[in-house]
Amino acid sequence: MSTIPCKSATSPSHPNKLTVTGTLCQPPANEEQLTYWLRLDQVRGVGPETARKLLARFGLPQHIFAADARALGEVVSQRIVQALLAPPDEAARAQVEKALSWASTPGNTILTLADANYPASLLNTADPPMLLYVKGRIELLSRPALAVVGSRNATAQGVLNAERFSETLSQAGWTIVSGLALGIDTAAHQGALRHAEQGGSTVAVIGTGADIVYPARNRSLAHQIAEAGCLVSEYPLGTSAIASNFPRRNRIISGLARGVLVIEAAAESGSLITARMAAEQGRDVFAIPGSIHSPLSKGCHLLIKQGAKLVESANDILEEYAHDLPVPAGPDAGKGQPDILPCASEQIDPLLELMGFDPIDIETLARRAEKDMASLHAQLLPLELQGLVERLPGEVYRRLQ
């Protein structure tokens, strides 16, 4: 079987990282070869770093299992040597069989580090997953991509921004990568899929097994992504939603993308983990500013202080890549795109002018407008229904457009 020299796993951003020099990029693994990869992933004590050390020394997994105790002992501890030499237990065999069966289903693929289809952008990071379970269009993993992330508890304006930015970027030919979480992630996927029939695409990197949808509320969205985009996981099938898995999967989100856009993030947000990983991987970081009074603006403002590019429209991002834009998704993509934050109409309601864009409590607004509470509520209700105003807890209102 012919082999293809693997692109270097060393990048300028990670000069000291371990390189899997003994592995050659190959066509997709057949069932026998994939069995060895899956078996290695099931060996107790062999995590990603240990696996890469073994692969760097011995090459493909079948060579690891063919090595003797002395050779293995030069790389790993005796405890792991014994685990590698021992036959797989019943649970490990069952997991391998389950994965092989899953991979045999049309639309499902398991990529290994040695696979020629393994995304080069992710391979050239400090901690690439040994296996990627992919449900959907694997070719999207090698297309130019941008990540869009943010708060699970997003405001209506944040959701709108995520949808519109992702829609515009997707129409311009970029694949949108996010994490299938509620809030900003969900809106980003939905915006990217809005023109799926014209080529708009999205990738969801999940923190569970590829056979589990989390959160359950996004089941329908996950099915749409599997049809028009793809779902990606590094975790074995059946892995449930464990909290520690989600920060770890963020390195894949940023690793697949050229840049990461953060939309609404609290000071301790997981989105800041993604942004930090992106910076470490040499990716661009973009952030949308917000009100100085909003907790969900704190994280974005911190990123901007640290050097992230402030963006107000999708065109700010497109201009950043003006010299290496991908092919637009549709014949009219990117032409005449409206501003991402348009006014709802040319004539602004006077009450909106009085509100400003910072959150305002109802009593303060009543004093500014010189109105009684009853008439003020009557005027605010249609603005809410039109999506121009958002009502926050504690009788606080916020202008959206």
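The structure is a predicted model in which local features need pLDDT of at least 70, side-chain atom pairs count only at pLDDT 80 or more, and totals for chains, interfaces and linings use all residues. Residues are numbered from 1 along each chain as its sequence is written, and side-chain values use heavy atoms, with hydrogens and water left out.

The average pLDDT (the predictor's confidence in each residue, from 0 to 100) is 87 for the chain, and 87% of the residues score at least 70. Residues 1-24 have pLDDT below 50, yet make 54 contacts (heavy atoms within 4.5 Å) beyond near neighbours in sequence.

Strands (E, at least two residues) and helices (H or I, at least four) are DSSP runs, numbered from the N terminus; two strands pair if DSSP finds at least two bridges between them. Strands E4 (residues 175-178) and E5 (residues 202-205) run parallel, joined by three bridges, and Ile176 has Thr202 in E5 as its bridge partner.

Strand E12 (residues 396-399) pairs antiparallel with E10 (residues 360-361) over two bridges and with E11 (residues 389-392) over four. Ile360 stands opposite Tyr397, while Glu390 is the bridge partner of Arg398. Val396 and Arg398 on one side of E12, and Tyr397 and Arg399 on the other, are all buried (under 20% relative accessible area, with exposed over 50% and partly exposed in between; 1.4 Å probe, protein chains only).
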